[in-house]
Every structure is written in structure tokens, then in C-alpha cells.
Amino acid sequence: MPGHPGPHAPPSELVPFRTPGSTLHTNGFHKTEILRKETGSWRGTTSSAIQLTATYRYDIEPRSKDWNIYIDETRKIAFIIAPPFKPQLPVAVDSRSVYEWTESGWGRFAKWDQLAALRQGISPLLEKQAGSPGYLEVARGQARTTVEEFVTDWLLKSRGWPKDSERFVKVY
């Protein structure tokens, strides 16, 4: 039928949600990720891949009870043990960066199903990556710098530390 938009899709829905206030966005990074899947048998191998650019972002909840702060007013030194930072989920993906590829062996016909299954696994895989020790380590240094800036600003405002004085904030 002319003008028909294609297969029937469920109606679009707008579902508002609220995020807690006072989230300290610490940092993030972009990474090109490649997801691959291969299945094989005597009839050949089906190979599929998706390449995309993911944006990983990390936060700390400033209202958390996990903050441990020691301030030495006379020496103008602050030691901060910050709560753990966590990845923002779901991980953002730039749809302009997505590249998909698939091919089947001579006697296999499931390449499109395999590619669809790979697509379904994108978010769970990226969430796992975001919380992995390696990715957290990449994010840790920048997160620490953001917390230092945040605490320094707070000390200038709440404790009246002079703006141009020598002071130190150490974050763990």
C-alpha cells in the first residue's frame, strides 16, 4: 500500500522520570567498542559485528553518608575520602557512529538473526564495561580532580578560606 510506513510498531510513549538532585558528575570518556559474534558448523561460519562510539560518564552522590572529611584549619589542609563513583547507566551511544556487518557461511541462513541478537546485547555489554575495573581505573584520576575542585570550592564558600591562600585538598 503506498504511503504505508512499514511493519506495525507499538505507539511511541513519553515516560518522564526524575533523577536525584545533588549528583556530582565527575567525568567521562568516549571509546570505540566492537561487538563480535561467530557461530560455526560444518555448513560454514556466520560472523557479525557492530562497531559504535560509546560515551561513559561517572557520578558521585554528594549526599552520601560515605564521605569522610578531615580539615586542618591551621595548616589549610583537607583530607577527603570520597564515596565510590558509579557509572551513569545506560551508557550513551552516538547512533551516527554505529556500523554493522554480517555474513553467513555457504549453508547457513541466520546472519540477520545473529545480528539482531548482537544488537540486543549492546546495553548489557556496555553496562558491564562501564563498571569493569579497567574502565573505572581510566575514570578514577579525572574523578579525583573533579572532587578536589568541588571540595575546594565548598571550603572557600563554607569555611571562608581566602581565595589566594596556600591550601591543599587531597582526595582518596
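Helices (H or I, at least four residues) and strands (E, at least two) are DSSP runs, numbered from the N terminus. This is a predicted model, where local features need pLDDT of at least 70 and side-chain atom pairs count only at pLDDT 80 or more, while totals for chains, interfaces and linings use all residues. Residues are numbered from 1 along each chain as its sequence is written, and side-chain values use heavy atoms, leaving out hydrogens and water.

Me: How many strands are there in the chain?
Reply: Happy to go through it with you. Along the sequence, the pattern reads β-β-β-β-β-β-α-α-α-β. Besides 3 helices, the chain has strands numbering 7.

Me: Which residue in the turn of the β3 and β4 hairpin has a positive phi?
Reply: Strand β3 covers residues 68–72 and strand β4 residues 77–81, and they pair (at least two DSSP bridges between two strands) in the antiparallel sense over 5 bridges. The hairpin has 4 residues between its strands, and the turn residue with a positive phi, about 55 degrees, is K76.

Me: What is the bridge partner of I80 in β7?
Reply: β4 also pairs with strand β7, residues 168–171. These two run parallel, joined by 4 bridges. In β7, the partner of I80 is V171.

Me: What percentage of the residues of the chain count as buried?
Reply: Buried means under 20% relative accessible area, with a 1.4 Å probe and protein chains only. The chain has 172 residues, and the share that counts as buried is 30%.

Notes:
Buried means under 20% relative accessible area, exposed over 50%, partly exposed in between (1.4 Å probe, protein chains only).
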